[in-house]
Amino acid sequence: DTTAATHSLIEAFRTAGQGQVFAFFDQLDEVGREKLLAQAATIDLAEVNALVLEHVQGDAGHGLDVTSLEPAAYIAHPAQGGDVAKWDVAWVAGAKALRAGRVAAFTVAGGQGTRLGYAGPKGTYPVTPVTQKTLFQVFAEKLLRSGERFGVTIPWFILTSEINNDATIAAFEAADFFGLERDSVHFIVQGLVPAVDYEGKILLADKGTIAMTPDGHGGSLRALVRSGAVDVMQQLGIDIVSYFQVDNPVVQCIDPSFIGFHVLGQSELSSKMVPKAYALEKVGVFCQQDGRALVVEYSDLPEQLQEETTAEGGIRFNGGSVAIHIFDRAFIARAGGAGADSKLPFHRADKKIPFVDAAGQLVNPEQANGVKFEMFVFDALPLAENPVIIEAAREDDFSPVKNAEGLDSPQTCQEDQLRMFARWLNAAGEPIETDASRLPQVRFEISPRFAVDQADFVARWAALASKPAIEEGVVIGD
């Protein structure tokens with residue numbers, strides 16, 4: 001009986017001390033009531049209660065004990081003195097796992113392009129220097145090429161949000177899925193958690209809508225479990241999941257060496273670290289404490305530790321976290337599941353949250369008035385067995401598009417892509433003129449359909465019967 005179900009849901013909120021959620025229920029029309037009830041039914045009141053107790057009423061241990069913190073051990077990159085033979089062995093192991101169909105890609109793409117002054121899902125933002133391919137198209141073409149290279153179809157799981165899910169799917173449909181097989185692309189919607197005020201009361205965004213906020217990139221693991229995506233992976237024989245974020249077009253979506261180190265290390269969670277550009281760079285840092293690896297947010301690491309140097313004069317806490325990981329599927333099932341021992345912790349974020357007050361008036365606060373709860377994906381690291389951290393070269397893996405201008409902007413990212421293409425050509429024996437910062441004099445592009453990394457490019461370029469001249473506007477391989 002629907003009225004009985006409605007009554008018991010409202011009663012559950014009252015019992016939990018959250019009856020204010022239905023304060024204006026009688027003023028709503030039928031559609032409004034149904035919408036509010038459906039939204040309320042998705043809320044885990046026990047979880048909200050626990051979060052309020054820990055993060056709003058309690059002191060959730062904001063201070064990290066840094067006394068026993070050490071830099072995390074990692075596998076050095078060949079260009080930085082790493083063992084070349086070891087990397088070759090890893091590449092072979094990774095290629096074998098790829099050919100066996102064990103690998104899927106997973107992109108976290110819940111954001112909008114707001115900070116770029118762009119209306120739409122961030123993944124639909126154009127990023128390449130000549131053809132202005134979007135982030136989604138770049139990744140799709142890298143997956144197509146990697147699939148060709150290893151003789152498989154690589155499934156792609158994409159985490160969207162309630163805000164951009166429909167627009168994301170529409171963009172894929174309009175582009176005919178960028179040449180990918182439609183049934184190899186899986187969309188999952190990120191979970192939401194209610195925002196609360198400083199008394200721990202759930203806020204209303206309007207009389208018939210609860211103020212909900214995304215549960216953070218750490219919630220991506222929960223979403224994989226709750227959506228059934230982990231079960232789909234199991235049916236497909238996928239046990240290796242390559243995780244990256246949507247704003248980074250140079251990332252190696254499928255990196256055979258990285259996959260190989262993960263497999264050979266029998267790791268549940270492997271990560272790439274990039275040496276910090278400077279001591280106070282705003283990136284999380286790979287550390288270890290009491291025998292466990294962890295990522296410490298730069299805001300939690302005292303400046304004197306960030307600036308500490310080694311005997312050789314380098315930065316001691318040097319391992320920058322750039323959100324590139326490989327997860328073991330069974331580990332996702334555990335870390336994203338309901339088991340209390342393996343769940344990721346929530347973090348508190350104080351925010352300005354517009355809300356409806358007791359009189360039914362919309363209030364736009366001038367300062368933080370409430371708390372949003374979010375999980376960070378790197379908090380999975382201390383839960384994982386045999387974590388592997390490998391060093392990556394920033395120029396081959398990390399140039400995000402975050403800001404409209406300046407650092408990590410479309411301009412810096414396009415310049416980094418051009419430098420990468422120039423490096424690949426040089427490696428293939430085609431010297432190309434660059435300035436002091438190694439930026440080529442002409443704008444050109446190497447399509448991800450042609451090559452996904454330097455080794456791939458060198459081999460394919462050598463096999464070309466007639467090679468295009470590298471001049472303004474040329475696109476290799478489209």
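**Helix α1 and the cores**

Modeller: The buried residues of α1 pack against α2 (30-41) and α3. Bear in mind that this is a predicted model.

Colleague: Which residues of α1 are buried?
Modeller: Leu9, Ile10 and Phe13 are the buried ones in α1. They lie on the same side of α1, because they cover an arc of only 95 degrees around the axis. On the other side, His7 and Thr15 are exposed.

Colleague: How do you know what span is expected of α1?
Modeller: Helix α1 (residues 2-15) has 14 residues, and at 1.5 Å a residue 20 Å is expected. From its first C-alpha to its last, α1 reaches 20 Å, close to that value. Just after α1, Gly17 takes a positive phi of about 75 degrees.

Colleague: What makes Thr213 count as buried?
Modeller: Buried means under 20% relative accessible area. Thr213 has 7%, so Thr213 is called buried. Thr213 lies in strand β9 (residues 212-214), and leaving aside neighbours within four places in sequence, its contacts are Gly191, Leu192, Val193, Ala195 and Lys372.

Colleague: Which residues touch the most other members of the largest nonpolar core?
Modeller: Phe13, Phe22, Ile210 and Phe327 do, in a core of 61 residues. Helix α3 (residues 45-57) gives the most to this core, with five residues. Apart from this core lies another, of 48 residues, among them Tyr125, Leu135, Ile154 and Val251.

Key. Residues are numbered from 1 along each chain as its sequence is written. This is a predicted model: local features need pLDDT of at least 70, side-chain atom pairs count only at pLDDT 80 or more; totals for chains, interfaces and linings use all residues. Side-chain values use heavy atoms; hydrogens and water are left out. A nonpolar core is a set of buried Ala, Val, Leu, Ile, Met, Phe, Trp, Tyr and Cys residues joined through side-chain atoms within 4.5 Å. Buried means under 20% relative accessible area, exposed over 50%, partly exposed in between (1.4 Å probe, protein chains only). Helices (H or I, at least four residues) and strands (E, at least two) are DSSP runs, numbered from the N terminus. Contact means heavy atoms within 4.5 Å. The expected span of a helix is 1.5 Å times one less than its number of residues. The arc is that of the directions from the helix axis to the C-beta atoms.
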